[in-house]
Amino acid sequence: MADPGMSVSPYWELTFDADGDVDAPERDRLLAQVTDRGVRDLVVFSHGWNNDRSGATSLYRRFFAPVPRLAPKARIGYVGVIWPSMRFSDEPIPDFPRSVAAEEVQAVPRPALDKDTRRALLETFPGRVTVLDRLARLLDERPAGTEGPAEFGRLVRLLLEPEGRRAVADTDEDGEPAVFAGDPVAACEQFAEALAALRPDAGTAGFGLPNPWDGAKELLRQATYYRMKRRAGTVGEHGLGPLLGRLAKAAPGVRVHLVGHSFGGRLVAFALRGLPDEVRTVKSVTLLQGAFSHYAFSARLPHAAGRSGALKDAPRRVDGPLVCCHSRFDTALGTIYPLASRLAGDDRSCAGNEIAAVLGPRWGALGHDGVQAVPGTARLDLAAALGGGLPASGCVNVDAAAVVRRGGAPTGAHSDIVHPELARLVLAAGRIA
């Protein structure tokens, strides 16, 4: 059903639960109406971290807005994917500037976990109210010594029990990030150091040992991201992928173009793994600041030749290009992501831009430096990609730093994706005239 505030039409929404089960009436409407509405190209967009439908649809509305003007004769349909992710309430909504009122509220002292964040955390970790209450108290009290941060880390680990179906990893390496399994005090100190290095006044601060409580909230935030990251893969593989198979049978002439931001990029990428073998209707994939491993599509990991990325065969499922947008201004993926995503401990100190160098490329994200270790991957800047340089197939890295550059600490430009140039890139990848 069309959203009344949506600026494009026809528009449908598909809502998935954490296991990838789709809302049946929404699915049936899409399958029944897409052919009747004369759609030739269907753009399917998945958000990353929004904990409500309004935030996601606002992103879709703004991103899609220039498309009718850019391709006035194309017969395009639009799908907004809604899946259960969350954000902390002190994070800005993607691509929305802070209002004066919001800045004033931010200046007033308040609990480390306000009621909106706690409600979102309870939805993400159901049945863990006692654990979350204790985490909130520790964040507010910040007890001296190491016992408090150690207890905080133990409680965060309790939140990460598997949910639903078996979650999917980016590579076939075993284990969970050492940021949760290792020394929680050291992890909080490393996050505190990294966050301090991302502040505008980082170069003027005096020397001092990091306070682990300055990084504790980031440890909790990363636990939610870890859960959302795994959930995105599950929803893509077990939900969106099979649904696209049904769509191919119901409307075989419709060309599908997948678009995903942040963890939504992971969702649409894993949807390729869930496609039925015979389906060839996906004509393009565009990943906007993808928050998953830059080795996900590799058949051979540089640091472990006998291992591969979980999506090594996914590009073959696309009858067109798989385009990965990346930006050096995305500090969320260039600094915090590699620190949180490593699978083995590292005892060397690191901060700011040094983190990627210290930890090495093993822990990098697609949205920061693009697809890695996939032979034949094309590398273009945004101007070349929009000037007709996109290849007809295969992986393509597009440096989008010319437009993806605004944002503040700690996420940087991670959510700066609403630009006509990126809408044009989606059309160019799909050869939508």
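This is a predicted model: local features need pLDDT of at least 70, side-chain atom pairs count only at pLDDT 80 or more; totals for chains, interfaces and linings use all residues.
Residues are numbered from 1 along each chain as its sequence is written, and side-chain values use heavy atoms, with hydrogens and water left out.

User: Is strand 1 largely enclosed or largely open, and how many of its residues are buried?
Analyst: Strands (E, at least two residues) and helices (H or I, at least four) are DSSP runs numbered from the N terminus, and buried means under 20% relative accessible area with a 1.4 Å probe, protein chains only. Y11, E13 and T15 are buried on one side of strand 1, as are W12 and L14 on the other. The strand, residues 11–15, is therefore largely enclosed by the rest of the structure, its buried residues numbering five of the five.

User: Which residue in strand 3 stands opposite E13?
Analyst: Strands pair if DSSP finds at least two bridges between them, and five bridges join strand 1 to strand 3 (residues 76–82), the two running parallel. Within strand 3, the residue opposite E13 is G80.

User: How many residues of helix 11 are buried?
Analyst: The buried residues of helix 11 (residues 263–273) include F263, R266 and L272. Contact means heavy atoms within 4.5 Å, and the buried residues pack against elements including strand 2, strand 3 and helix 10. Helix 11 is mostly covered, and the buried count is ten of its eleven residues.

User: At what angle do helix 15 and helix 16 pack?
Analyst: L382, A385 and L386 in helix 15 meet E421, L422, R424 and L425 in helix 16. Axes are lines fitted to C-alpha atoms, for helices over the stretch in contact, and angles run from 0 to 180 degrees between N-to-C directions. With their axes 10 Å apart, helix 15 and helix 16 pack at an angle of about 40 degrees.

Methods. Buried means under 20% relative accessible area, exposed over 50%, partly exposed in between (1.4 Å probe, protein chains only).
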